[in-house]
Amino acid sequence: MNLKTPGIVIKEQKINQGDKLLTFLTRDHGVISAYANGSGRPKSRLAPASELFAYSDLMLFYHRDRYIVDDADIIEIFFEIRSDIEKLAFASYCAELTASLSPTSEDSAEFLRLLLNTLHLTAKNKLPVSVLKPIFELRSLSISGFLPDLVACKGCGEYLGDEMLFSPLEGALSCGACRKNEDMLSTWIPLSEGVLSAMRHIVYSDFEKLFSFRLNRAEHPLLMDCAEQYMLAQTERTYHSLEFFRSVFQFQD
Ligand SMILES: [Zn+2]
């Protein structure tokens, strides 16, 4: 079956001299791998569309159990991301997490919108990475079947107790009183009111409002820690690009 769909490169592998195997997140068909013959050669008409983060209107041919990129009309390449090591590290992590969560065709339009907006805001310096990273993690996981329950304490239903804690493993909240009755094995992270409110916003808000919330800079590290711990506990794997990101990321005051 031949496909015509917009899609973004989330992984590129050089396979022969001049050929690449590309992995796309497409709008309509989830994650698809396709061969782009000759795209590694500088003069190839497919070269610009075969770079990581290139977003194009794709024509994919299906032939002998594999997809081949027949044509790609570039929509956006996010070139500013390549000029900054921290942006590049963050965007690479978004791409690797996307490939790992591998959205189905049912979820791919919403996931693609999240990824494109995150890359755009990163490229244009519209929001700091210390906010974009937790937004991307919590929202992409929520889309992909890892929706945390941030409504209330799982023990007593308290919406906002004196002390509220989050378990990355359980994806749930506990108030301080109920926490005392829990087993001591799993990790519970004490939340500030601002971080709890930000996490609820990221998980439950309409997409149009997703990127518009306020959180004091001093609370960004806690939000980042909660989202990353949740991502690691739920996906149960490590990410090379996350290690790279950690080695270059610095908090901005
Ligand atoms: Zn409780």
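Mentor: Let us begin with domains, whose bounds come from an automatic or database domain assignment. Please keep in mind throughout that this is a predicted model. For the protein chain, the assignment gives domain 1 (3–76) and domain 2 (79–147 + 190–248).

Trainee: How many residues of domain 1 are in contact with domain 2?

Mentor: On the side of domain 1 there are 14 residues in contact with 16 residues of domain 2. The elements that give two or more residues to that side of domain 1 are β1 (3–16) and β2 (19–26), and by class the side has seven nonpolar, four polar and three charged residues. Taken over C-alpha atoms, the centres of domain 1 and domain 2 are separated by 25 Å.

Trainee: Which residues have the most contacts inside the largest nonpolar core?

Mentor: The general idea is that in soluble globular proteins nonpolar side chains tend to be buried together. Here the largest nonpolar core has 63 residues, and Ile8, Phe24 and Cys94 are those with the most contacts inside it. Helix α1 (residues 85–101) supplies the largest share of this core, nine residues. Because domain 1 (3–76) and domain 2 (79–147 + 190–248) both give residues to the core, it lies between them.

Trainee: With which residues is Ile8 in contact, leaving aside its neighbours within four places in sequence?

Mentor: With those neighbours left aside, the contacts of Ile8 are Phe24, Leu25, Phe53, Ala54, Tyr55, Leu112, Leu115 and Leu116.

Trainee: Let us turn to the strands. In what order do the strands of the closed barrel run?

Mentor: Strands of a sheet pair through backbone hydrogen bonds, either parallel or antiparallel. In this model five strands form a closed barrel in the order β1-β2-β3-β5-β4, and the pairing is mixed. From one strand to the next, the twist averages 45°.

Trainee: Which pairs show me the two senses of pairing?

Mentor: For the parallel sense, take strand β3 (residues 31–36) and strand β5 (residues 66–76), which pair over two bridges; within this pair, Tyr35 has Ile68 in β5 as its bridge partner. Helix α1 packs on the sheet, touching β1, β2 and β3, and its direction makes about 105° with that of β1. Helix α2 (residues 108–123) also packs on the sheet, where it touches β1, β2 and β4 (55–63), with its direction at about 105° to that of β2. For the antiparallel sense, β1 and β4 pair over six bridges, with Met59 in β4 as the bridge partner of Lys4. The pairing of β1 and β2 is antiparallel over eight bridges, and in it Gln13 stands opposite Leu21 in β2.

Trainee: What are the edge strands of the open sheet?

Mentor: The open sheet has four strands in the order β6-β8-β7-β9, with mixed pairing. Its edge strands are β6 (149–153) and β9 (189–191), each of which pairs on one side only, and the twist averages 30° from one strand to the next. Strand β7 (residues 164–167) and strand β8 (residues 172–175) run antiparallel and are joined by four bridges, with Ser167 standing opposite Ala172 in β8. Helix α5 (residues 193–204) lies across β6, β7 and β9, running at about 135° to β6.

Trainee: Finally, how should I read a positive phi?

Mentor: Most residues other than glycine have a negative phi, and most peptide bonds are trans. Gly18, in the hairpin of β1 and β2 with two residues between the strands, takes a positive phi near 90°. Arg64, a residue other than glycine, has a positive phi near 50° and is placed in the loop between β4 and β5. Phe78 is not a glycine either, yet has a positive phi of about 55°, and lies in the loop between β5 and α1.

Trainee: Is Arg64 buried or exposed, and is Phe78 buried or exposed?

Mentor: Here a cut-off is needed: a residue is buried if 20 or more other C-beta atoms lie within 10 Å of its own, and exposed if 12 or fewer do. Arg64 has 5 C-beta neighbours inside 10 Å and therefore counts as exposed, whereas Phe78, with 20 C-beta neighbours inside 10 Å, counts as buried.

Conventions: Residues are numbered from 1 along each chain as its sequence is written. This is a predicted model: local features need pLDDT of at least 70, side-chain atom pairs count only at pLDDT 80 or more; totals for chains, interfaces and linings use all residues. A nonpolar core is a set of buried Ala, Val, Leu, Ile, Met, Phe, Trp, Tyr and Cys residues joined through C-beta atoms within 7 Å. Two residues are in contact if their C-beta atoms, placed from the backbone, lie within 7 Å. Ala, Val, Leu, Ile, Met, Phe, Trp, Tyr, Cys and Pro count as nonpolar, Asp, Glu, Lys and Arg as charged, and the others, Gly among them, as polar. Two strands pair if DSSP finds at least two bridges between them. Axes are lines fitted to C-alpha atoms, for helices over the stretch in contact, and angles run from 0 to 180 degrees between N-to-C directions.
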